Structure formats: structure tokens, C-alpha cells
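Reader: I am new to this structure and would like to be taken through it. Could you begin with the terms as they come up?

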Amino acid sequence: MTRLILIFILIASPLFAVQPDEVLEDPVLEQRARDLSTGLRCLVCRNESIDESNAELARDLRLLLRERLVAGDTDKEAVEFIVDRYGEYVLLKPTVTGSNLMLWLAGPIMLLIAAAMGWNFLRNRSQAAGVEGKDSLSEAEKERLRQILDD
């Protein structure tokens, strides 16, 4: 029973793909690298961070990040170096500036437009129903309609 529980714990826990030969000797730098790598996307695995991915490209990105930190880059400089090289897609949480701002706002704007169109449709529909409910036929037209239906 304890083995089964241990297996479930191992399966449920996040496993990191960082290899022992990648780990930096300085624990502070290694922790910075781990913190930064959780925010960088593996370009092969899509929605996995490079810290979780076993892909070769993810390994290369982890090594590149550690090289930049060892070279003395700040966290921001190291991430900017990788973003400059691979594009903003490498960020798991993209920035909300420039063209990305338009993408972030497109969804809510489209929702507001759809809500306005729906409200306008329902308002026009209720007004049209009110017009149809009134007597719109003259007495002569009603008489002619009765004659047609009786035949």
C-alpha cells in the first residue's frame, strides 16, 4: 500500500527536467535560474516551461540562461537576451504592450460588440412584435381575406 501511495505522489509531483550537469554550483544563481526558467516556454513542447521539458531545445535554453547569469546579467537582462533571440513567444506570460495589447483587448472588445448587437436585435424584435400585433388591415382587406378563405 505504501508503494502505491509513493507511486501516486511521484506521478502527481512536478518533475523537473534539469539534468545534474546543468545545475550551477552557486545555489543563489541556481535558484535564480530555476525561477526564471519557470517563466520561459519550451518552443518544442508548447505550454511547458523549459524547466519541465526534456526537449533538447529546452536544455539549450536552460544552459543559455545559466551562462547569462554566470556572466553577470541581471534577471531582466538574461530574459531579454533570450526574448531577443527567440521572440516573445518564449515567454509563458507575454507582456501587455504594443501589438500584444491589441490581442489582449480584442476578446473583451468583441464581447462588448456582440452584446451590443444582441441587445439591438432583441430591442428591434420587441418593437417589431408590437407593430405586428396591431390591426394593419383595412376593413375592405379583411373582407377580401374572408372571401378567399371561405372559397
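Author: A residue is called buried under 20% relative accessible area, exposed over 50%, and partly exposed in between, using a 1.4 Å probe and protein chains only. At 32% relative accessibility, Asp75 therefore counts as partly exposed. This is a predicted model, in which local features need pLDDT of at least 70, side-chain atom pairs count only at pLDDT 80 or more, and totals for chains, interfaces and linings use all residues. Residues are numbered from 1 along each chain as its sequence is written, and side-chain values use heavy atoms, with hydrogens and water left out.

Reader: How many helices and strands are there in the protein chain?

Author: The protein chain has six helices and zero strands. Helices (H or I, at least four residues) and strands (E, at least two) are DSSP runs, numbered from the N terminus. Of the 151 residues of the chain, 21% count as buried.

Reader: At what angle do H3 and H4 pack?

Author: Helix H3 (residues 56-70) and helix H4 (residues 75-86) pack at about 140°, and their axes are 9 Å apart. That makes H3 oblique to H4; angles under 35 degrees count as roughly parallel, over 145 as roughly antiparallel, 65 to 115 as roughly perpendicular, and the rest as oblique. The axes are lines fitted to C-alpha atoms, for helices over the stretch in contact, and angles run from 0 to 180 degrees between N-to-C directions.

Reader: Which residues make the contact?

Author: On H3 they are Leu57, Leu61, Leu64, Leu65, Arg68 and Leu69, and on H4 they are Asp75, Ala78, Phe81, Ile82, Arg85 and Tyr86. Contact means heavy atoms within 4.5 Å.

Reader: Asp75 is in that list. Which residue does Asp75 meet in a salt bridge?

Author: The side chain of Asp75 meets that of Arg32, at 2.7 Å from N to O. A salt bridge is a side-chain nitrogen of Lys or Arg within 4 Å of a carboxyl oxygen of Asp or Glu. Asp75 in helix H4 and Arg32 in helix H2 are 43 residues apart, so that the pair links distant parts of the chain. Arg32 is partly exposed, with a relative accessible area of 25%.

Reader: How many salt bridges does a search of the whole structure find?

Author: The search finds seven. In one of them, the side chains of Glu30 and Arg66 meet at 2.8 Å, N to O. Glu30 lies in helix H2 (residues 27-37) and Arg66 in helix H3, so this pair ties together parts 36 residues apart in sequence.

Reader: Are Glu30 and Arg66 buried or exposed?

Author: Both Glu30 and Arg66 are buried. They also belong to a network of salt bridges that links Glu30, Arg34, Asp51 and Arg66.

Reader: How far apart are the closest N and O atoms of Glu139 and Lys142?

Author: In that salt bridge they are 4.0 Å apart. Glu139 and Lys142 are three residues apart in helix H6 (residues 139-150), and are therefore separated by about one helical turn. Glu139 is exposed, with a relative accessible area of 59%, while Lys142 is partly exposed at 23%.

Reader: A change of topic: where does Leu40 lie?

Author: Leu40 lies in the loop between H2 and H3. At 1% relative accessibility, Leu40 counts as buried.

Reader: What is Leu40 in contact with, leaving aside its neighbours within four places in sequence?

Author: Its contacts include Leu65, Val79, Ile82 and Val90. The C-alpha atoms of Leu40 and Ile82 are separated by 9.0 Å, and the two residues are 42 apart along the chain.
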